[in-house]
Amino acid sequence: RTGNTTFTRITGTTQLHDGEWHHLAAVRDSSGTMTLYVDGVSEGGTATETANIGTNQAMTIGAFDYQATAYDTWRTGYVRDFRVSSNARYSSNFTAPTEPLTADSNTSLLTCHLPYFADGSTNNYTITPGGNVSTQPFGPYDYEEYAVGDHGGSAYFYGTSDWLSLPTAAGNLGTG
């Protein structure tokens with residue numbers, strides 16, 4: 001979600017209630033067409049968002065109150081490596097990453113990758129948890145016994161009223 005009253009929604013068909021990790025990417029190209037990819041494959045649905053998504057719009061991961069009357073609910077689950085980038089990283093189907101995401105010069109925000117809430121981009125934005133969201137020693141790349149220094153963490157959302165509040169500048173996508 002971006003902004004206080006305006007948001008773009010892309011609805012996919014892949015069911016994600018299977019207890020497995022999935023790589024999700026919402027990509028907006030230079031024409032404003034947004035495409036949703038699940039595990040590197042386009043869901044087929046698109047949306048158009050031509051407005052410059054920038055520093056005056058708030059961003060929330062998880063549940064949010066989109067009309068001050070009802071929460072748009074995020075199911076119980078984990079989020080690992082939430083990255084906001086100012087460039088369109090994908091333009092067609094791709095192979096989903098098998099290693100943790102990293103920040104580069106196009107990264108506006110990278111969070112849900114450490115055993116605490118922090119921004120791993122050069123912006124160092126403050127991440128504010130809401131509800132009962134917490135970090136957990138669990139992630140899609142963890143194949144060895146958990147150690148904080150080796151594996152970091154992920155954000156766990158318990159249900160309908162958990163979220164992370166990000167500074168308005170964190171969602172600065174520009175035109176990419």
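Is F94 buried or exposed? With a relative accessibility of 16%, F94 counts as buried, because the cut-off for that word is under 20% relative accessible area. Keep this residue in mind, as we will come back to it. The model you are looking at is a predicted one.

Let us start with the overall plan. The chain holds 13 strands and one helix. If you walk along the sequence, you pass through the pattern β-β-β-β-β-β-β-β-β-β-β-α-β-β. Of the 176 residues in the chain, 39% are buried. Among contacts with a separation of 6 or more, 62% are between residues 24 or more positions apart.

Now back to F94 and its partners. The rings of F94 and Y37 have centres 5.4 Å apart and planes at 65°, so this pair is edge-to-face. Y37 belongs to strand β2 (residues 33–38), while F94 sits in the loop between β8 (82–85) and β9 (107–111), which puts the two residues 57 apart and makes the pair a link between distant parts of the chain. Y37 counts as buried too, at 4% relative accessibility. Y90 joins in as well: ring pairs connect Y37, Y90 and F94 into a cluster.

How many aromatic pairs are there? The count comes to four. One of them is formed by W21 and Y78, a tilted pair with 6.0 Å from centre to centre and 45° between the planes. Here W21 lies in the segment before β1 (24–28) and Y78 in strand β7 (residues 77–79), so the pair ties together parts that are 57 residues apart in sequence. Both residues have some surface showing: W21 is partly exposed at 27% relative accessibility, and Y78 is partly exposed with a relative accessible area of 34%.

Technical notes:
Residues are numbered from 1 along each chain as its sequence is written. This is a predicted model: local features need pLDDT of at least 70, side-chain atom pairs count only at pLDDT 80 or more; totals for chains, interfaces and linings use all residues. Side-chain values use heavy atoms; hydrogens and water are left out. Rings of Phe, Tyr and Trp (its six-membered ring) pair if their centres lie within 6.5 Å; planes under 30 degrees apart count as stacked, over 60 as edge-to-face and the rest as tilted. Helices (H or I, at least four residues) and strands (E, at least two) are DSSP runs, numbered from the N terminus. Buried means under 20% relative accessible area, exposed over 50%, partly exposed in between (1.4 Å probe, protein chains only). Contact means heavy atoms within 4.5 Å.
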